[in-house]
Amino acid sequence: RHHHTCPPFSCGHLQDVRYPFRRRGDPGECGVIYYKLACTDSRATITINSWPYFVTEINYANSSFLVVDARLDLSSSCPVPQRNQGAYQLYYGGGFLRSEGSELMLELAPPSSIALATFVNCSREVRNNTLYSPVACHSTSSSFVYVLIGDPTDIFALKPSCGYLGLAVIVLEGERSPYYANYRDVMESMRNGFAVSFPQDFACTTCGFEQPLPLLSIGELISGMKSRRYTWEKILELLLTRLFPRITGKYAYAAIPMWIAQWIAITAVLCRFMLPPLVVLTFLAYKYWRTRITIDAVEKFLRMQQMVGPIRYSYTDITAVTRHFRDKLGQGGYGSVYKGVLLPGDIHVAVKMLAGSSNCNGEDFISEVSTIGRIHHVNVVHLMGFCSEEMRRALIYEYMPNGSLDKYIFSSERSFSLGQAQ
Ligand SMILES: Nc1ncnc2c1ncn2[C@@H]1O[C@H](COP(=O)(O)OP(=O)(O)OP(=O)(O)O)[C@@H](O)[C@H]1O
């Protein structure tokens with residue numbers, strides 16, 4: 001797709017320039033925004049860290065391109081870089097940092113090893129110091145120019161008589177120690193430029209170039225593993241590329257485990273914070289639903305019962321009848337029994353307050369009211385009324401002044417007699 005809408009172009013002396021490069025004014029989907037080339041008849045220029053560089057060569061085979069400092073006076077026989085602190089930011093791992101606004105990219109790692117060459121101007125001559133290589137063609141009898149090669153931390157500890165002039169990135173060839181390079185080597189390296197890699201993202205096979213994904217047959221996989229051609233990382237990469245071609249195309253392979261980790265983290269956080277409240281809510285909803293069912297069944301029964309059975313009282317009536325539960329007669333399996341007086345007529349009653357807890361469910365209450373309420377027998381205590389408000393329930397019996405029969409049956413003396421009336 002990319003190939004059709006963004007055809008290769010020429011820029012300066014470069015031919016067949018493709019992704020990730022783009023020209024000013026190219027459609028948005030062409031190339032990568034930071035790889036904009038400014039083209040003249042003879043030069044292609046790119047800006048890295050706000051500093052211009054000539055792109056002298058692009059090597060698509062190893063995803064790198066060669067750059068030369070555009071502000072370096074190449075025609076001079078004794079070039080010294082301009083004051084350019086910030087144009088080169090070297091990463092300690094050996095990479096080349098590129099910052100664009102708030103973004104900091106590590107991808108531009110030069111394929112060959114590089115070092116910084118710092119040019120300084122000293123008011124006094126520096127003797128017997130191998131770090132300071134003289135730049136004779138720029139020095140006079142009162143001003144001495146040197147180039148220092150290597151770790152930038154050494155350079156920050158400059159001699160007091162020296163001031164900073166400019167920086168250059170130089171390529172360290174082979175085994176040569178940077179501390180023994182002289183100005184001639186530095187000049188040659190500055191003129192040749194240094195190579196910069198495309199970021200990993202853009203070097204991937206699926207970006208814009210219509211290359212087929214690697215075929216992955218089981219046999220090939222096994223033989224690859226046997227011959228140690230495929231490492232575990234390689235196998236993971238192949239699998240991920242096949243499973244998520246879009247994602248692996250969009251992000252670099254290195255970003256995939258991070259992507260998976262992010263999803264795992266999000267799921268874990270959701271489970272940790274969402275699941276417990278959800279479980280509690282479900283439980284409460286279930287409890288409420290069960291209670292509602294019981295209450296509804298009782299209410300339905302009571303509407304029918306009202307015509308035939310005992311009288312229904314409100315909870316306020318019950319508190320009035322028992323005078324706020326003042327006189328407790330006893331305690332049974334289903335709750336406490338209080339003495340009360342029904343007006344009008346001053347009829348003495350026993351009010352059994354059913355405990356709201358589990359052992360009294362709606363069914364028991366219904367059967368008590370419907371069965372006992374209908375029985376009118378001399379040997380069965382008469383149910384005169386009841387109360388049911390939500391989960392507060394009470395049964396109102398006629399008052400038995402002699403108390404419960406078990407008081408006599410299980411009394412320690414076992415010597416009692418019932419009169420005819422009793
Ligand atoms: N109608 C009543 N008149 C006078 N006192 C009563 C009456 N009903 C109950 N009581 C008193 O309250 C106590 C508890 O009675 P309750 O019927 O609740 O207990 P229970 O006999 O163990 O039966 P249950 O197992 O059905 O609760 C009795 O022992 C008795 O002293």
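How far does a backbone N or O atom of G333 lie from an oxygen atom of the ligand? The distance is 3.0 Å in this predicted model. The close-up views below begin at the ligand and then move to other parts of the chain.

View 1. The ligand is surrounded by 15 residues. The closest of them are G332, G333, K352, E398 and M400. G333 places a backbone N or O atom 3.0 Å from a ligand oxygen atom. K352 uses its side chain instead: an N or O atom there is 3.2 Å from an oxygen atom of the ligand.

**View 2. Where the shell around the ligand comes from.** Strand 17 (328-331), strand 19 (347-354) and strand 21 (392-398) are the elements that each give two or more residues to the shell. Strand 17 supplies the largest share, with three residues. Sorted by class, the shell holds eight nonpolar residues, five polar residues and two charged residues.

**View 3. Strands 3, 4 and 5.** Strand 4 (residues 36-39) pairs with two other strands, strand 3 and strand 5. With strand 3 (residues 22-23) the pairing is parallel and has two bridges. In this pairing, R22 stands opposite K36 of strand 4. With strand 5 (residues 44-48) there are also two bridges, but the two strands run antiparallel. Here A38 has T45 in strand 5 as its bridge partner. A hairpin of four residues joins strand 4 to strand 5.

**View 4. The salt bridge between R18 and D16.** Side chains of opposite charge can pair when their charged atoms come close. The model has six salt bridges by the rule used here, and one of them joins R18 to D16. The closest N and O atoms of this pair are 3.2 Å apart.

**View 5. The salt bridge between R127 and E125.** The closest N and O atoms of R127 and E125 are 3.3 Å apart, and the two residues form a salt bridge. R127 has a relative accessibility of 61%, which is over 50%, so R127 counts as exposed. E125 reaches a relative accessible area of 43% and is therefore partly exposed.

**View 6. The salt bridge between E299 and R312.** Which parts of the chain does this pair link? The side chains of E299 and R312 meet in a salt bridge, with 3.3 Å from N to O. E299 belongs to helix 8 (residues 256-308) and R312 to strand 16 (residues 311-313), so the pair links distant parts of the chain, 13 residues apart. E299 counts as partly exposed because its relative accessibility is 24%. R312, with a relative accessible area of 26%, is partly exposed as well.

Methods: Residues are numbered from 1 along each chain as its sequence is written. This is a predicted model: local features need pLDDT of at least 70, side-chain atom pairs count only at pLDDT 80 or more; totals for chains, interfaces and linings use all residues. Side-chain values use heavy atoms; hydrogens and water are left out. A residue is near a molecule or strand if one of its heavy atoms lies within 4 Å of it. A polar contact is a pair of N or O atoms within 3.5 Å; within protein, one must be able to donate a hydrogen and the other to accept it, and residues adjacent in sequence count only if both atoms are side-chain atoms. Ala, Val, Leu, Ile, Met, Phe, Trp, Tyr, Cys and Pro count as nonpolar, Asp, Glu, Lys and Arg as charged, and the others, Gly among them, as polar. Two strands pair if DSSP finds at least two bridges between them. A salt bridge is a side-chain nitrogen of Lys or Arg within 4 Å of a carboxyl oxygen of Asp or Glu. Buried means under 20% relative accessible area, exposed over 50%, partly exposed in between (1.4 Å probe, protein chains only).
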